[in-house]
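Subject: The structure we talked about

Hi there,

Here is the structure I promised to pass along. Have a look at it first, and then read on for what I found.

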Amino acid sequence: MYSLKRMVAKLAGGVSTKTLAIILALTMALASAATGTLAWMYATAPQVKNTFTYGQLDITLTETDTGLDDDGNPDTNQYQMDVGAAIHKDPTITVAGGSVDGWLFVQLTESVNFADFMAYTMADGWLPMPGTDGLYYRPFDASEDDQIFPVLKDDQVQMNPSVTLADLAALTSESYPKLTVTAYAVQRGGSAEISTPGAAWQIIQGKIN
């Protein structure tokens, strides 16, 4: 059996909460007349504070640690490749409870020889981003509960049936197939700049480039 090393790049994207406080003071004026004079009485009500929050957006990308590389780090996993085998791999994106409506993106970057050895299918709900290989997106709605989105269908990659033991024996630590997974999120709605996945992805590119 041979090793497949896959780097999972975890990006826990957060949008800082911004608070705008508007303070309203209400002044009441009451008038009364007594003995031919006009006296004005003033009363000030307690301040009314209205707080408007921008909202939060928080995601995590995790994967079960295989333990095969003995580093204790689930972000760098090593897997065993067998001819004709399905290999368990479970990258999962969690949108934290309390997050606002958003666009969720996941990018899968393959080594140049990855497709020669393995294939995968995206989990239900992911849509390919036109014009960008390996990039997928999906909208999600605000929720007070955590929302969990698997990346790969059935949490696995499949060895190509044409791969032989001789093909595996020819691999070295430098030529092992690799797959990198990166997750991003952007607030959705409220502005034309983030109303479509294409516009949201442009914002992300401006942050990471």
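Please keep in mind that this is a predicted model.

Asp141 counts as partly exposed, because its relative accessibility is 48%. Which residue does Asp141 form a salt bridge with? The partner is Arg188, and the closest N and O atoms of the two are 2.7 Å apart.

Now the overall picture. The protein chain has three helices and 17 strands. Of its 209 residues, 36% are buried. Among contacts with a separation of 6 or more, 78% are between residues 24 or more positions apart. The accessible surface is about 11,900 Å², and carbon and sulfur atoms account for 55% of that.

On to the inside. The largest nonpolar core has 35 residues, and those with the most contacts inside it are Ile93, Leu104, Val106, Leu108, Met122 and Trp126. Several elements each supply at least two residues of this core, including strand S7 (57-62), strand S8 (76-81), strand S11 (102-110) and helix H1 (114-117). Which element gives the most to this core? That is S17, with four residues. Apart from this core lies another one of eleven residues, among them Tyr184, Val186, Trp201 and Ile204.

Leaving aside residues up to four places away in sequence, Met122 touches Val106, Leu108, Tyr136, Val151, Leu152 and Lys153.

Ile93 takes us to strand S10, which is covered on both faces. Thr92 and Thr94 on one side are buried, and so are Ile93 and Val95 on the other. In general, side chains in a regular strand alternate between the two faces of the sheet. S10 also has strand partners. With S7 it pairs in the antiparallel sense over four bridges, and there Thr60 stands opposite Thr94. S10 and S15 also run antiparallel and are joined by four bridges, with Ile93 opposite Phe149.

Gln107 is in strand S11, and it counts as buried because its relative accessibility is 19%, where the cut-off is under 20%. Beyond residues up to four places away in sequence, Gln107 touches Thr132, Gly134, Leu135, Thr180, Val181, Thr182, Tyr184 and Trp201. Tyr184 and Trp201 are also among the residues of the eleven-residue core.

Asn113 lies in the loop between S11 and H1. Is Asn113 buried or exposed? Asn113 is buried, with a relative accessible area of 16%. A polar contact of 2.8 Å joins its side chain to that of Ser111. Not counting residues up to four places away in sequence, Asn113 also touches Leu171, Ser175, Tyr176 and Pro177.

Happy to go through any of this with you.

Best wishes

Note on methods: Residues are numbered from 1 along each chain as its sequence is written. This is a predicted model: local features need pLDDT of at least 70, side-chain atom pairs count only at pLDDT 80 or more; totals for chains, interfaces and linings use all residues. Side-chain values use heavy atoms; hydrogens and water are left out. A salt bridge is a side-chain nitrogen of Lys or Arg within 4 Å of a carboxyl oxygen of Asp or Glu. Buried means under 20% relative accessible area, exposed over 50%, partly exposed in between (1.4 Å probe, protein chains only). Contact means heavy atoms within 4.5 Å. Accessible areas come from the Shrake-Rupley method with a 1.4 Å probe; for residues, only the protein chains shown count as cover. A nonpolar core is a set of buried Ala, Val, Leu, Ile, Met, Phe, Trp, Tyr and Cys residues joined through side-chain atoms within 4.5 Å. Two strands pair if DSSP finds at least two bridges between them. A polar contact is a pair of N or O atoms within 3.5 Å; within protein, one must be able to donate a hydrogen and the other to accept it, and residues adjacent in sequence count only if both atoms are side-chain atoms.
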